[in-house]
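This briefing covers the strands, the helix and the core of one structure. Please look at the sequence and the model first.

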Amino acid sequence: IYQLGERFRQENFGSRFWEALEDPNDNVLQHMLDLFIKSSIASWEPRIRALDINLERKDYKLYIHLQFAIGDSSTQSNLTLEYNSITTESNAY
């Protein structure tokens with residue numbers, strides 16, 4: 001959820017996710033966010049493999065459904081990130 005340059009003394013930490021928040025929900029956005037999220041996970045959390053990312057917009061909220069595995073495990077887990085464009089709050093569950 002961090003923007004690049006947002007963390008003090010870790011200017012390269014974060015993702016480019018925020019660059020695409022106002023773009024229309026289409027295949028281009030799906031591809032951009034897929035690249036942004038997977039590259040950030042690969043850079044900052046190499047223990048996790050992002051397997052699939054799906055986007056869903058409902059009114060002013062963006063839901064990112066991430067399917068991932070830890071290490072070489074075949075066990076898959078799911079995480080949903082919710083971003084509210086009005087309050088700019090984000091939640092994960």
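Leu-62 has Tyr-83 as its bridge partner in S3, and Tyr-63 is partnered with Glu-82 in that strand. Strands here are DSSP runs of E with at least two residues, helices are runs of H or I with at least four, and both are numbered from the N terminus. The model is predicted: local features need pLDDT of at least 70, side-chain atom pairs count only at pLDDT 80 or more, and totals for chains, interfaces and linings use all residues. Residues are numbered from 1 along each chain as its sequence is written, and side-chain values use heavy atoms, with hydrogens and water left out.

**Sheet**

- Four strands make an open sheet, ordered S1-S2-S3-S4, with antiparallel pairing; two strands pair if DSSP finds at least two bridges between them.
- S1 and S4 (90-92) are the edge strands, each pairing on one side only.
- On average, neighbouring strands of this sheet are turned by 20° against each other, direction ignored.
- Strands of a sheet pair through backbone hydrogen bonds, either parallel or antiparallel.
- S1 and S2 run antiparallel and are joined by ten bridges; the partner of Glu-56 in S2 is Tyr-63.
- Nine bridges join S2 to S3 (residues 76-84), and these strands also run antiparallel.

**Hairpins**

- Two residues separate the strands in the hairpin of S1 and S2, where Asp-59 takes a positive phi near 55°.
- Asp-59 sits in the loop between S1 (48-58) and S2 (61-70).
- Asp-59 counts as exposed because its relative accessibility is 79%; exposed means over 50% relative accessible area, buried under 20%, and partly exposed in between (1.4 Å probe, protein chains only).
- The hairpin of S2 and S3 has five residues between the strands, and Gly-71 takes a positive phi near 60° there.

**Helix and core**

- The largest nonpolar core has 13 residues, and Leu-33, Ile-37, Leu-55, Leu-62 and Ile-64 have the most contacts inside it.
- Such a core is a set of buried Ala, Val, Leu, Ile, Met, Phe, Trp, Tyr and Cys residues joined through side-chain atoms within 4.5 Å.
- H1 (27-44), S1 and S2 each supply at least two residues of this core, and H1 gives the largest share, five residues.
- H1 lies across S1 and S2 and runs at about 145° to S1; axes are lines fitted to C-alpha atoms, for helices over the stretch in contact (heavy atoms within 4.5 Å), and angles run from 0 to 180 degrees between N-to-C directions.
- Among the buried residues of H1 are Leu-29, Phe-36 and Ile-41.
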